[in-house]
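Reader: Could you take me through this protein slowly, one question at a time?

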Amino acid sequence: MEHEVGAQELHPVVIMDTPPLLDDDLHWYKDAIIYELHIKAFCDGDGDGVGDFQGLLQKLDYLQDLGVTAIWLLPFYPSPLKDDGYDIADYYNINSSYGDISQFKHLLKEAHRRNLKVITELVLNHTSDQHAWFQRARRSPKGSDERNFYVWTDNPDQYKDVRIIFQDFEASNWTWDPVAEQYYWHRFFFHQPDLNYDNPKVQEEVFRIIDFWCKMGVDGFRLDAVPVSFRAGGYQWREPARNARIFEEAAKSYRFELPREGFWRKPICGRRTRRPISARGTSVI
Ligand SMILES: [Ca+2]
């Protein structure tokens, strides 16, 4: 407004001889124009009726012309697709209907060539029950590290005050597994067992997954369901900041920015350090 411009003129701008507060490499997401898309529904490059990375590649110029500065890809991993890909069966691969890792790398290269960032959706609260970790867990001895990749109990009244999110589908946050002969914990569908973040081996695996995609060149992540992931938070949604402490520490390690407000709806963005801190070298989670 004009009167504000006038007021500013009375106070000359002082050029501070200090580094800028905002680091473009870290804070680029703050004014990014983000285009969220599901690979399968965006563009079908090979004509088989399902969208794919080949199709998205063909549309990069179009997205750039729109003024988009970042693409946010919903889950594209191998999955039984019982929850639209939020039930991940393998964190290190691409659903073969959409393409393969080499096509994904090509997409990153072509996106970056157009100054487009690439944010990927990571679902780390739970896996598909088809994930190898769960299949191993249910067959491993009770109390073993392998069993404890997930949260188990003999008493389904445990944490009974925790709200059931999908009340239309689930009667409890616990489901009986006849193979394990225990109940396993899930905040969402029964086929999405929650990972146990109290197990250091789970923490290592999560860092390994983040490392894998960072090294490939992914610019940021949107982390799904972070607030309900931690026993320290009672597996409740009510204390998202407390529940997300692990990811705050991860964000420091990887030089990511973790948006404070509403972070579970926003991507964690930034870039990895030149020398990433390995999962083994940290004790942050
Ligand atoms: Ca296709």
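The questions and answers below go from the whole chain to single parts.

Author: This is a predicted model, in which local features need pLDDT of at least 70, side-chain atom pairs count only at pLDDT 80 or more, and totals for chains, interfaces and linings use all residues. Residues are numbered from 1 along each chain as its sequence is written.

Reader: What is the mean pLDDT of the protein chain?

Author: The pLDDT is the predictor's confidence in each residue, from 0 to 100. In the protein chain 71% of the residues reach 70 or more, while over residues 1-9 the value stays under 50. The mean for the protein chain is 80.

Reader: How many contacts does the model have for residues 260-285, beyond near neighbours in sequence?

Author: Two residues are in contact if their C-beta atoms, placed from the backbone, lie within 7 Å. For residues 1-9 the model has 0 contacts beyond four places in sequence. Over residues 260-285 the pLDDT is also below 50, but beyond near neighbours in sequence this stretch has 61 contacts.

Reader: Why do the buried residues of H6 line one face of the helix?

Author: Helices (H or I, at least four residues) and strands (E, at least two) are DSSP runs, numbered from the N terminus. In H6, Phe 104, Leu 107 and Ala 111 are buried, and on the other side Ser 102, Lys 109 and Arg 113 are exposed. The buried residues line one face because, seen down the axis of H6, they fall within an arc (that of the directions from the helix axis to the C-beta atoms) of 55°.

Reader: Is Asp 157 buried or exposed?

Author: Asp 157 sits in the loop between strand S4 (152-153) and strand S5 (174-177). Because Asp 157 has 9 other C-beta atoms within 10 Å, it is exposed.

Technical notes. Buried ≥ 20, exposed ≤ 12 C-beta atoms within 10 Å, placed from the backbone.
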